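This briefing goes through a predicted model.

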Amino acid sequence: MIDVMLLVLFMIGLGGILVCVGVFLIPIGGAPAAMSTATGVATGCEMITMGAGVTGLFLAAAFYTKSLMFVIITAGVSSALMLAITMLFTNLIVIFGKGVPPAFATKERDPITGDPIKPYVTPGTVGHGVPTAPYLGGVLGSFLAGAGGALAFTAMYRFSSGATLAEFVGVLPQPAPQVAAMALSVITAVGLYLINANIAAYSIRGVIESWLDPKFSKLPRVIAACFSASILFGVLILLVSIGGVG
Amino acid sequence: MGHVTKGAPKKPTINPKYLAIIGVAVGLPGVYLGKFSPLIPAALAVPALVWAADAIRRIAGYGLGTGVPSIGNLAIGMGVLTALVGLRYEPALGVALAALWGIMYGVIIGRLKILEIPVFTRCITELSVGASVGLMALLSAAAGGYTVDFFQGRLMPMIFLTGFVVAVFWATSMTIFHPFNACLGPGEKQTRTLKLAVGVAGIDVTLAGISALGVAGLNPSIMTLEAAVGIIFLGAAVWIGGYYAFIKAAIKESASVMWTGFPEAKK
């Protein structure tokens with residue numbers, strides 16, 4: 001039993017780290033981006049974290065019997081797709097609706113395409129839309145966040161439905177889902193995402209331009225905080241779901 | 001008509017210590033008294049939620065870098081985990097864990113220099129305990145009162161399987177963050193914000209009552225129809241009373257609008 005509990009705690013902690021690294025890679029603009037005065041997606045850090053995590057959670061809940069690797073990768077891809085579409089429509093609205101080109105002010109040229117990008121920044125703003133480099137960072141970031149969300153949820157569900165150690169990484173032989181265990185795991189997983197999302201949100205202070213931002217150097221400290229907070233609250237999750245529910 | 005003094009220090013007229021004592025001393029016995037009638041925890045959840053709203057008021061004044069709702073969601077994330085532990089084993093244990101885990105979370109955030117706000121640990125502990133007590137009271141009220149074998153026998157099949165938990169979860173989150181989010185600004189006053197907090201807590205109790213109505217339809221042996229309707233009426237009364245007091249206070253404390261006449265036309 002102890003080995004299973006330690007594995008669950010480790011999976012929850014790893015999920016927290018993946019969610020946090022994902023947030024650092026996603027270009028988050030917050031309210032300034034909604035007015036096209038900052039680069040990124042026009043919503044807050046916490047909502048994006050929740051969105052990416054919950055998209056991963058949906059996939060993990062749908063494929064609850066499949067092997068862990070399959071669940072994580074599918075959930076990551078679905079989450080990346082979700083954010084890619086969001087950023088595409090952000091760009092469509094910024095370019096064709098507001099008539100401003102995607103640009104950012106931290107670098108002279110786009111590191112991926114090599115095009116000059118700073119001259120297109122409107123004076124008085126720090127950028128607008130989602131240019132190529134933050135776009136790719138965002139796709140990778142939401143892949144990681146979705147995978148982390150799926151990892152944490154899968155660990156919680158398999159623990160509360162009483163899986164053995166081998167069943168955690170392999171196929172879960174369940175003919176029908178245990179709905180009570182799934183409902184409990186969804187609520188505890190959402191609680192955990194909210195706790196991790198806030199650590200990321202406080203450390204980036206609301207706005208980040210993917211991996212080009214100077215705030216990206218804060219990442220090691222934030223990973224340590226997310227891992228310890230996830231383990232801390234993972235203990236409570238173990239206490240709630242130990243021995244199976246319903 | 002009063003007028004707003006801009007830049008004056010925000011003096012709390014109600015000491016947060018009293019709110020904390022009332023919140024725990026009323027909310028926690030409310031959870032245990034639920035075996036007599038589910039109306040008791042529904043009514044006694046309100047002080048704990050008002051206390052949590054006051055804690056948000058004190059911490060969000062610092063400017064966290066993200067919106068006020070994020071810290072309300074953090075409170076509910078910590079609160080739901082401790083509340084579930086409390087409802088599974090012993091509600092008093094849930095409150096103790098909420099306080100302990102809140103302190104440890106605050107220490108992690110402070111030591112790793114994620115956010116350097118002097119009152120963070122204290123406020124996050126208060127938020128965690130307030131959200132935990134409020135959720136325990138509301139969830140136990142919606143499931144017919146805390147009794148022996150509450151978690152497996154009542155909470156899981158009646159609240160989690162039906163999905164009512166999501167409504168109570170998010171409504172409680174909104175109860176905690178909405179009052180300060182709506183009232184913030186230079187003329188913010190504690191008494192006015194807390195009147196709104198009472199009103200929004202009424203919405204939360206009403207939603208728990210609607211969940212209780214569903215539980216009464218599913219299993220009349222643990223929840224009578226009268227009690228469920230009683231919770232809805234109680235919540236509606238708190239809702240209307242809180243908003244009435246809030247709007248009266250807002251009208252009384254708002255800046256007066258004076259008619260100064262038309263500006264003289266330039267010649």
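Chain A has 246 residues and a radius of gyration of 19 Å, which agrees with the value near 18 Å that a compact globule with that number of residues would have.

**Overall form**
- Taken along its principal axes, the C-alpha trace of chain A spans about 60 × 35 × 25 Å.
- The C-alpha atoms of chain B, again along the principal axes, fill a box of roughly 80 × 45 × 30 Å.

**Secondary structure**
- Chain A contains 8 helices and 4 strands, and reading along its sequence gives the pattern α-β-α-α-α-β-β-α-α-α-β-α.
- Helix H8 of chain A runs over residues 219–241, and its 23 residues reach 31 Å from the first C-alpha to the last, close to the 33 Å expected at 1.5 Å a residue.
- Just after H8(A), the residue A:Gly243 takes a positive phi of about 80°.
- Chain B has 9 helices and 0 strands, and its pattern along the sequence is accordingly written α-α-α-α-α-α-α-α-α.
- The radius of gyration of chain B is 20 Å, close to the 18 Å that the globule rule gives for 267 residues, so chain B is as compact as a globular protein of that length.

**Burial and contacts**
- In chain A, buried residues, meaning those under 20% relative accessible area, make up 57% of the 246 residues.
- Among the contacts in chain A that join residues at least 6 apart in sequence, 74% are between residues at least 24 apart.
- In chain B, buried residues account for 51% of the 267 residues.
- Of the contacts in chain B with a separation of 6 or more, 77% come from residues 24 or more positions apart.

**Surface and charge**
- Chain A exposes about 9,000 Å², of which carbon and sulfur atoms supply 76%.
- Chain B carries 19 positive and 10 negative charges, and their mean positions are 9 Å apart.

Conventions. Residues are numbered from 1 along each chain as its sequence is written. Chains are lettered from A and ligands numbered from 1 in the order in which they are written. This is a predicted model: local features need pLDDT of at least 70, side-chain atom pairs count only at pLDDT 80 or more; totals for chains, interfaces and linings use all residues. Side-chain values use heavy atoms; hydrogens and water are left out. Helices (H or I, at least four residues) and strands (E, at least two) are DSSP runs, numbered from the N terminus. The radius of gyration is taken over C-alpha atoms; the globule rule is 2.2 Å times the number of residues to the power 0.38. Buried means under 20% relative accessible area, exposed over 50%, partly exposed in between (1.4 Å probe, protein chains only). Contact means heavy atoms within 4.5 Å. Lys and Arg count as positive and Asp and Glu as negative; His and the chain ends are not counted. The place of a charge is taken as NZ of Lys, CZ of Arg, CG of Asp or CD of Glu. The expected span of a helix is 1.5 Å times one less than its number of residues. Accessible areas come from the Shrake-Rupley method with a 1.4 Å probe; for residues, only the protein chains shown count as cover.
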